[in-house]
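Hello,

Here is the structure I promised to pass on to you. Please have a look at it first, and then read on for what turned up.

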Amino acid sequence: VPERLAVGIDIGGTKIAGGVVDEDGRVVARARRATPSTDSTAVLDAIADLVEEFRDSYAVRAVGVGAAGYVDVTGSTVVFSPHLAWRNEPLRDAVVRRTRLPVLVDNDANAAGWAEWRFGAAQNQPDVVLVNLGTGIGGAMVLDGRLYRGHSGMAGEFGHQRVVDDGRPCECGNRGCWEQYASGHVLDRRARAAVEQATDTGRALVDLAGAADRVDGRVVAELASRGHAEAVEWIAEVGRWLGIGLANLAAALDPNIFVIGGGVSDNGELLLRPARTAFGDHLTGRGYRSEARIVAAHLGNDAGVVGAADLARLRARRRRPASPGYSVPGPAVARSGRRRRRPRPR
Ligand SMILES: [Zn+2]
């Protein structure tokens, strides 16, 4: 049986990562390009170029593209992408024209969440919420084995739930958003302030980084891994806010597992232990429910590429059991396997 391979493309702010992914989620080839500023034609050229490079050596059946931003529910148009300046970009058709392959476009967090459910930390789990802690917070849900995309494809923007009334300002225009408290951005900010004020921790960070302008959240993580008390406390603070937001998500969605991905999750138990404690303290109905597990993602930086490729391959095949969840709305299948009863007029 020939392997069914698909290309996954993960468009980030600074680089476009590509990979050839097999049916078991293994990345069998990789390549990358710099993200060409904000020029959408140049981004398209880079995607087509990566696909061509892979096709020289591999029989590729489909292309999946994950991009930060809002993607419409049909998986064809990037409605809005902050760092690419895309507005209603018909990306799928453009990539189809260049590659003559089936193409699927999705939000990068959806791709990562799908990958963790299919091949990573949440395999065989019925109700999964992925929270990706990068500079902001992205999210995805696989509920009852389906990627839940919302009515307009914009579900999972957990980072903008308000956790503090009239709190820190957010780029989205609101105040007190979760991502202002529980993302890598917080560690960057704490680190910069410590360096500016030349505190003991600030000096330790500069020593470790080699230069003041190289200090960021990753250097805080490095310092914390060596047991530095204040660096450990900063990560714990992010962890506590993480747990509070997860308790809100549990109240709304009641998943059985949370998968924490993104760069900040590299802090492992330094982050997750305080998160679990805060989660338990804030969880509604505690003692009367099974508490969701909170675990680190398994696939690291590959998640976006693997998920985009797998979604595209499955959609090109149009087969269950692992439905990407893009099909037209129909009666939902209850967990028992029976169809839910349709409401009838009385
Ligand atoms: Zn916000």
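Let me begin with the largest cavity, which is lined by Y70, N107, N110, G139, G153, M154, A155 and E157. On a 1 Å grid over the protein atoms alone, a cavity is a set of points where a 1.4 Å probe fits but cannot get out, and a lining residue has an atom within 4 Å of a point. The space in this largest cavity comes to about 30 Å³, where grid points are joined across faces, edges and corners and a volume is the space filled by probe spheres set on the points. The count is one cavity of 30 Å³ or more. By class, its lining has three nonpolar, four polar and one charged residues (Ala, Val, Leu, Ile, Met, Phe, Trp, Tyr, Cys and Pro count as nonpolar, Asp, Glu, Lys and Arg as charged, and the others, Gly among them, as polar).

A word on the source: this is a predicted model, in which local features need pLDDT of at least 70 and side-chain atom pairs count only at pLDDT 80 or more, while totals for chains, interfaces and linings use all residues. Residues are numbered from 1 along each chain as its sequence is written, and side-chain values use heavy atoms, with hydrogens and water left out.

Now the sheets. Five strands form an open sheet in the order β3-β2-β1-β4-β8, with mixed pairing. Strands (E, at least two residues) and helices (H or I, at least four) are DSSP runs numbered from the N terminus, and two strands pair if DSSP finds at least two bridges between them. β3 (27-34) and β8 (103-107) are the edges, each with a single partner strand, so one side of each has no neighbour in the sheet. Within this sheet, β1 (residues 5-11) and β4 (residues 60-67) are parallel and share seven bridges, with L5 opposite V60 in β4.

Helix α3 (residues 108-119) packs on that sheet and touches β1, β4 and β8, contact meaning heavy atoms within 4.5 Å. α3 also packs with helix α9 (residues 303-317) at about 80 degrees, their axes 7 Å apart; axes are lines fitted to C-alpha atoms, for helices over the stretch in contact, and angles run from 0 to 180 degrees between N-to-C directions. That makes α3 roughly perpendicular to α9, a label for angles of 65 to 115 degrees. Among the residues that meet are W114 and F119 in α3, and L311 and L314 in α9.

Finally, an open sheet of three strands runs β5-β6-β7 with antiparallel pairing. β6 (residues 78-81) and β7 pair over three bridges, and the bridge partner of S81 is W86 in β7.

Best wishes

Methods
1 Å grid on protein atoms, 1.4 Å probe; cavity = no way out; pocket = protein on both sides within 12 Å on 5 of 7 lines; lining within 4 Å. Parallel < 35°, antiparallel > 145°, perpendicular 65-115°, else oblique.
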